[in-house]
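Please read it alongside the sequence and the coordinates.

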Amino acid sequence: MTLVSGDEFEELFTSFEASAFRLETRERYHLAKDEEEPLRRFLAGEPDDLAWMSGWLDLMRHHARQGRTVRRVRVVSRPFSDYARFSMSVARHSIPAGDQIHYLDRTEAERLGLPYSDWWLFDDQRLALLHLDEEDVLHGAEIITDPKIIARHRKWRDVAWRNAVPLEEFVNLGA
C-alpha cells in the first residue's frame with residue numbers, strides 16, 4: 001500500500017472536476033502547526049483573524065465559483081469536546097466560502113452503520129482513505145479506485161449526508 005501526502009495529497013483538492021465529500025469521524029485531529037495558536041486563542045476567548053485559514057477559504061470560494069461542491073459530514077459526540085467546539089467555530093467561516101459542512105451525532109452514525117474511518121471521495125471515482133495513528137496524526141491517504149469499494153463509500157456518503165444536518169440546526173438539537 002502506498003500513501004500519498006504533502007503536495008501529492010494537496011493536489012487532490014485542486015484536481016477534482018465536480019465533487020468532493022469527506023466523512024470525519026474522529027473526536028479530534030492532530031493540529032497542524034498553524035492551528036495550535038488559533039485553538040489556544042479560541043479556548044482563551046481571544047479573537048482570531050483566520051489568516052492561518054485563508055488558503056482553504058480561497059480554495060472553497062474558487063470551487064464554488066466553478067460550480068464544484070465540497071461537502072463534509074462531521075460525526076461528533078455530545079457533550080462537544082474542545083476540538084469539536086473549535087472546529088464548529090471555524091466552520092462558521094468556512095461554510096459561507098462554499099464548504100458545505102453538516103453534522104451527525106455519533107450515536108446516530110453508529111445506528112446507521114457508518115464506518116469509523118475518515119476519507120475523501122472525489123468525483124465518485126477516487127477514494128482517499130486517510131491513515132491516522134492513535135495520536136490522530138495523518139500519515140497520508142491511500143488512493144482507491146476499485147469500483148466495489150467506491151460503490152460502498154458512495155452508499156455511506158449518501159446515508160451520512162441524508163441524515164446529517166447543518167451546523168446551527170445540529171447545535172440547537174442538543175440545546
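Which residue in β6 is the bridge partner of phenylalanine 122? The partner is arginine 126.

This is a predicted model, in which local features need pLDDT of at least 70 and side-chain atom pairs count only at pLDDT 80 or more, while totals for chains, interfaces and linings use all residues. Residues are numbered from 1 along each chain as its sequence is written, and side-chain values use heavy atoms, with hydrogens and water left out.

## The sheet

Helices (H or I, at least four residues) and strands (E, at least two) are DSSP runs, numbered from the N terminus. Two strands are taken to pair if DSSP finds at least two bridges between them. On this basis, 8 strands form an open sheet with mixed pairing, in the order β1-β7-β6-β5-β2-β3-β4-β8. The edges are held by β1 (3-4) and β8 (165-166); each has a single partner strand, so one side of each is left without a neighbour in the sheet.

Strand β5 (residues 119-122) is antiparallel to strand β6 (residues 126-132), and 4 bridges connect them. Strands β6 and β7 are likewise antiparallel, joined by 6 bridges, and here leucine 130 stands opposite alanine 141 in β7. The pairing of β1 with β7 is antiparallel and comprises 2 bridges; leucine 3 has glutamate 142 in β7 as its bridge partner.

The hairpin of β6 and β7 has 5 residues between the strands, and in it aspartate 136 adopts a positive phi near 70°.

## The helices

Helix α1 (residues 6-15) lies across β1, β5, β6 and β7 (138-144), at about 145° to β6. Such angles run from 0 to 180 degrees between N-to-C directions, the axes being lines fitted to C-alpha atoms, for helices over the stretch in contact; contact means heavy atoms within 4.5 Å.

Helix α2 (residues 33-44) contains glutamate 37. With a relative accessibility of 34%, glutamate 37 is partly exposed, where buried means under 20% relative accessible area, exposed over 50%, and partly exposed in between (1.4 Å probe, protein chains only). Between the C-alpha atoms of glutamate 37 and threonine 145 there are 37 Å, for a separation of 108 residues along the chain.

Helix α4 (residues 82-94) has 13 residues and should span 18 Å at 1.5 Å a residue, which agrees with the 18 Å between its end C-alpha atoms. The expected span is 1.5 Å times one less than the number of residues. The buried residues in α4 are Tyr83, Ala84, Phe86, Ser87, Met88, Val90, Ala91 and Ser94.

## Arginine 74

Arginine 74 is placed in strand β3 (residues 69-76). It is buried, at a relative accessible area of 9%. Its contacts beyond the neighbours within four places in sequence include Ser87, Met88 and Ala91, together with Glu24 and Ile101. The side chain of arginine 74 also makes a polar contact of 2.9 Å with the side chain of tyrosine 103. A polar contact is a pair of N or O atoms within 3.5 Å; within protein, one must be able to donate a hydrogen and the other to accept it, and residues adjacent in sequence count only if both atoms are side-chain atoms.

## Salt bridges

Side chains of opposite charge can pair when their charged atoms come close. A salt bridge is a side-chain nitrogen of Lys or Arg within 4 Å of a carboxyl oxygen of Asp or Glu.

| Aspartate 136 | Arginine 26 | 2.6 Å |

Aspartate 105 is buried at 17% relative accessibility, whereas arginine 78 is partly exposed at 33%.

Aspartate 82 and arginine 85 both lie in helix α4, 3 residues apart, which is about one turn of the helix. Aspartate 82 is partly exposed at 42% relative accessibility, and arginine 85 is partly exposed at 36%.

Finally, a network of salt bridges links Arg22, Glu24, Arg72, Arg74, Asp99 and Asp118.
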